[in-house]
Amino acid sequence: MGKKLTLFNKVSYGFSDLGNNLVFVAVTNYLMFYYTDVVGMGLGAIGLLFLIIRIVDAVSGPVFGVLVDKTNTRFGKVRPWFLWMSIPYAISTILLFSIGSFHQNLQIPLAYITYGIFSLCYVGLGTAINAILPSLSADLGDRAQANMFRNILGQTGGLLSGLIILPLVTLLGGGINQPGFLKAMSIFAILLAICELVTFFGVREHVQAQTDTPPTLKQSLSALLPNLPWWTIALTNLVIFLGVVVKISSMVYFFKYILNNANDSSVANSVNAVSMIIGALCIPLLIRRFKMRTIVIAGLGIAIAGQAILYIAATAVSIPIAMIGIFVSSFGLGSAQSLMFVMTAETVDYGEWRFGVRAQGFLISMSTVGVNIGAGLAGALTSFVLAAYSFVPNVQQSAQGIAGINMLFVVIPAIIFAICIGLISFYRLDADSKQMHQELGEKRLLLNKNPA
């Protein structure tokens with residue numbers, strides 16, 4: 001099955017998402033809030049911005065995937081991208097939260113430019129984080145453990161981000177304002193770059209394609225178009241990220257305008273991260289006894305139960321009940337989402353096993369198309385719903401405005417998670433996984449003994 005991963009390798013891989021989530025969770029949680037309540041941009045302009053940039057991301061993702069597949073350096077195929085993307089991603093984070101320093105007439109054009117650059121860097125780094133997993137090890141257990149460390153450290157990054165971002169903004173800016181956001185995100189950007197460099201120096205690619213010649217676009221498509229497990233995972237990822245981003249981006253509104261305590265959204269983000277870590281920790285144990293599809297379905301069911309508890313919290317205006325609901329929902333999502341990355345890696349092996357083409361960069365990046373489209377639709381949907389329900393920032397909300405926030409934070413995610421249960425039910429690769437890995441391992445061993 002190839003070389004086993006060391007604890008150092010697994011932890012180093014986890015640092016990739018630790019740095020990424022320090023920044024990305026802060027952006028997901030507070031960028032819309034920054035645009036509306038700090039910069040003062042209109043909801044219509046924000047919704048269109050999120051949608052357009054994410055559509056661009058959907059195009060850039062496959063481009064990065066092709067570039068990864070064609071990369072051939074002494075550091076490997078995927079690994080150098082952690083080095084190349086770390087500094088640009090950090091700089092783009094700082095630029096993203098700088099637009100409030102400029103004249104009002106320049107803010108919308110600058111929002112497009114800075115968010116576009118940030119999203120491009122996020123897609124580039126995200127492609128590397130996802131694409132390297134199939135190369136770390138051919139062993140399913142090793143992959144699950146490496147992905148567990150990625151999820152634990154990633155959620156730790158989200159935990160730190162959610163817990164300290166608003167207090168740090170207040171401390172550095174003397175309030176929740178433009179200087180505070182800029183200084184706080186600059187610190188996160190520096191930590192991001194350091195974490196990605198740790199990953200670059202700490203991981204190695206142990207699984208290579210059966211040929212050194214990179215696949216052509218036609219060959220890559222032959223590993224994608226008939227790959228039914230890949231289509232199942234890609235579509236599920238699109239829908240699940242729509243629900244996740246809608247929920248996360250509306251959390252601060254839920255606490256500020258319904259539970260009347262915006263600062264507790266930081267605590268809620270921490271509860272969310274801790275719960276997802278616990279969910280991810282369960283995966284290596286669960287995967288020994290249950291099929292991955294079964295675990296994902298169960299996790300999504302638990303997430304829906306958590307949303308029901310959040311409905312009770314909104315009705316009772318209870319912060320403790322809300323924290324319980326967030327914990328339950330996030331525990332289910334933590335177990336479900338962490339396995340989606342492992343299942344995506346399985347579809348790369350399936351393409352090599354079934355169609356003779358290992359196009360991991362292309363398949364992984366194409367799967368992120370759905371993620372980016374889902375996140376873009378989520379931003380547009382959030383803005384649309386808030387506008388449709390007459391939301392007005394920084395004032396006491398009407399009953400209609402409160403209904404809109406509840407729709408975003410409670411109802412829509414529950415509906416979306418239910419849809420995902422139906423979609424993931426079509427995943428059938430669990431039954432073939434053992435035979436697939438055995439035959440691929442035998443082929444690689446034979447090629448190593450008899451190199452061309």
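User: What makes the largest cavity a cavity, and what is its volume?

Analyst: The largest cavity has a volume of about 750 Å³. A cavity is a set of points, on a 1 Å grid over the protein atoms alone, where a 1.4 Å probe fits but cannot get out. Its volume is the space filled by probe spheres set on the points, with grid points joined across faces, edges and corners. This is a predicted model: local features need pLDDT of at least 70, side-chain atom pairs count only at pLDDT 80 or more, and totals for chains, interfaces and linings use all residues. Residues are numbered from 1 along each chain as its sequence is written, and side-chain values use heavy atoms, with hydrogens and water left out.

User: Which residues line the largest cavity closest to its centre?

Analyst: N21, Y122, F241, Q337 and F341, out of 41 lining residues. A lining residue has an atom within 4 Å of a point. By class, the lining has 17 nonpolar, 21 polar and 3 charged residues. Nonpolar here means Ala, Val, Leu, Ile, Met, Phe, Trp, Tyr, Cys and Pro; charged means Asp, Glu, Lys and Arg; the others, Gly among them, are polar.

User: How many cavities does the search of the whole structure find?

Analyst: There are 2 of 30 Å³ or more. Of its 15 lining residues, T28, F50, R54, Y115 and V245 are closest to the centre. The largest share of this lining, 5 residues, comes from α1. Its classes are 10 nonpolar, 4 polar and 1 charged.

User: Why is α6 called oblique to α7?

Analyst: The axes of α6 and α7 (residues 178–202) cross at roughly 130° and come within 7 Å. Under 35 degrees is roughly parallel, 65 to 115 roughly perpendicular, and the rest is oblique. Therefore α6 is oblique to α7.

User: Which residues of α7 does α6 meet?

Analyst: Among them are P179, F181 and M185. Contact means heavy atoms within 4.5 Å.

Notes. 1 Å grid on protein atoms, 1.4 Å probe; cavity = no way out; pocket = protein on both sides within 12 Å on 5 of 7 lines; lining within 4 Å. Helix = DSSP H or I, 4+ residues; strand = E, 2+ residues; numbered from the N terminus. Axes fitted to C-alpha atoms, helices over the stretch in contact; angles between N-to-C directions. Parallel < 35°, antiparallel > 145°, perpendicular 65-115°, else oblique.
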